Amino acid sequence: MFRTRTMAAVAAMTGALLLSACGGGGESKSDAAADTSGFTFQAGTAKQNNADLTKGDTAVNAVPSVATKEPKPVLRKWVQLSAGKAGALDPVTINGAGFVLYRFDKDSTDPSKSNCSGDCATTWPPYLVAPRGKVFLDGVKKEDVGFIQRDGGFQVTIGGSPLYLFSKDTKAGDTKGQGVGGTWFGVTPDGQRAGQQAGGDTGTVPPLPSEGADTVPAATSATFFDMADFGEPAEGIVGPGCKPVRFDGSVTITGFAKVWSGDNCTGKSARVDGNVKDLNALGIGPVKSIGFASSELTGSPSPAAPSGPAAKNATFFDTPNFGEPAQGVGGPGCQAVRFGGSVSISGSAKVWSGDDCTGKSKVIDSNVADLDSLGIGPIKSIRFAG
């Protein structure tokens with residue numbers, strides 16, 4: 001899968017790339033697949049190969065939460081790709097410091113191309129190696145590894161998927177980025193989504209009860225809270241399919257879905273048809289996943305239908321494409337909005353550019369991946385019916 005070029009060509013490409021900067025708001029220079037002739041591949045871990053542990057993945061500035069605060073992208077002298085386990089993800093690829101590596105569903109894999117730049121790349125630092133760096137392989141096949149030019153170095157890919165770290169993973173083994181926005185997942189050693197059911201799909205939702213489906217629409221999103229009575233922090237989850245749940249104190253939801261006690265919609269389950277103040281009251285134990293049905297499965301109207309029912313709540317996200325952190329907002333009446341990047345909603349409501357539902361407004365009746373696209377400026381409030 002690799003093409004051989006001269007070292008001079010690699011140097012020329014690298015020099016050209018130094019003219020670009022991370023976080024400039026534009027798309028990263030990550031179109032071209034990189035030659036591997038400038039890299040050294042070694043079997044085993046960095047420690048087994050006596051690598052300098054003050055550099056590479058184990059350097060102080062390479063920790064995800066620290067890397068986001070660096071003035072320039074972190075180019076590691078060496079990287080380690082290990083097939084491992086983190087939380088419920090088994091297998092998942094981790095780096096030499098034990099941090100989970102993630103893939104982004106909106107990226108291209110053939111050819112490899114990153115679609116995460118600017119603020120996105122601050123939240124999800126691209127996993128970069130310096131020119132002529134070393135790559136230690138521990139359970140990952142060399143033929144599955146690739147590189148794309150980026151930010152003065154090379155972003156590592158597995159199975160064509162560009163790799164990232166998550167800024168909120170503060171210690172080895174954290175999996176806080178799993179399932180964020182329905183597009184971010186740990187990456188398996190062959191480049192697939194980690195923690196998904198066989199076949200790399202989002203998970204086939206076990207049959208949802210049809211009872212009541214004619215009167216209660218299928219939910220397309222939900223907001224889970226860390227504590228009972230909707231106490232923050234909150235996690236917004238967007239369907240369809242089976243999604244992991246990180247917080248299990250309470251949930252706000254419009255429509256019906258099914259929650260499960262196990263990962264990948266396994267174990268004990270319970271149907272929810274609306275907000276649940278205390279998920280422990282369901283009697284199935286801690287909630288680990290939720291299954292959303294698609295409109296095709298339930299016969300529910302499309303969430304984009306203008307004649308849809310009035311929404312009772314919505315989940316606002318800090319960045320476009322449903323990137324965390326998230327804020328759950330419920331009606332009735334006018335409510336303040338803290339995040340203005342994107343929103344998931346089932347039903348219709350009206351968003352406003354000013355506080356207390358003043359200024360410019362727009363009716364929304366489905367998920368909006370980028371609220372700026374509404375053309376009314378930053379969103380400050382939302383009005384629900386009632």
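1. Let's start with Gly333, whose bridge partner in strand 25 is Phe384. Strands here are DSSP runs of E with at least two residues, and helices are runs of H or I with at least four residues, numbered from the N terminus. Strand 25 covers residues 381-384 and pairs with strand 21 in the antiparallel sense over four bridges; two strands pair if DSSP finds at least two bridges between them. Cys334 stands opposite Arg383 in strand 25.

2. A word on what you are viewing. This is a predicted model, where local features need pLDDT of at least 70, side-chain atom pairs count only at pLDDT 80 or more, and totals for chains, interfaces and linings use all residues. Residues are numbered from 1 along each chain as its sequence is written, and side-chain values use heavy atoms, with hydrogens and water left out.

3. Four strands form an open, antiparallel sheet in the order 21-25-23-24. Its edge strands are strand 21 (333-336) and strand 24 (361-364), each of which pairs on one side only. Neighbouring strands of this sheet are turned by 25 degrees against each other on average, direction ignored; the axes are lines fitted to C-alpha atoms, for helices over the stretch in contact, and angles run from 0 to 180 degrees between N-to-C directions. Strand 23 (residues 349-352) pairs with strand 25 in the antiparallel sense over three bridges, and Val351 has Ile382 of strand 25 as its bridge partner.

4. Is Cys357 buried or exposed? Cys357 counts as buried because its relative accessibility is 7%; buried means under 20% relative accessible area, exposed over 50%, and partly exposed in between (1.4 Å probe, protein chains only). Cys357 lies in the loop between strand 23 and strand 24, and has a positive phi of about 55 degrees although it is not a glycine.

5. Asn50 also deserves a look: it is not a glycine, yet has a positive phi of about 55 degrees. Asn50 sits in the loop between strand 1 (40-43) and helix 2 (64-67), and is exposed because its relative accessible area is 70%.

6. Please check two proline bonds. The peptide bond from Asp90 to Pro91 is cis, with omega near 5 degrees, and Pro91 is in strand 3 (residues 89-94). The bond from Asp110 to Pro111 is cis, with omega near 5 degrees; Pro111 is in the loop between strand 5 (108-109) and strand 6 (112-113).

7. What does the side chain of Arg150 reach? It reaches the backbone oxygen of Cys116 at 2.6 Å. Arg150 is in strand 8 (residues 145-150) and counts as buried because its relative accessibility is 0%.

8. The largest nonpolar core has 19 residues, and those with the most contacts inside it are Leu81, Tyr127, Val145, Phe147, Val156 and Leu163. Such a core is a set of buried Ala, Val, Leu, Ile, Met, Phe, Trp, Tyr and Cys residues joined through side-chain atoms within 4.5 Å. In soluble globular proteins, nonpolar side chains tend to be buried together.

9. Finally, turn to Asn280, in the loop between strand 17 (266-272) and strand 18 (289-292). Asn280 counts as exposed because its relative accessibility is 56%. The C-alpha atoms of Asn280 and Gly249 are separated by 7.4 Å, with the two residues 31 residues apart along the chain.

Definitions and conventions
A polar contact is a pair of N or O atoms within 3.5 Å; within protein, one must be able to donate a hydrogen and the other to accept it, and residues adjacent in sequence count only if both atoms are side-chain atoms.
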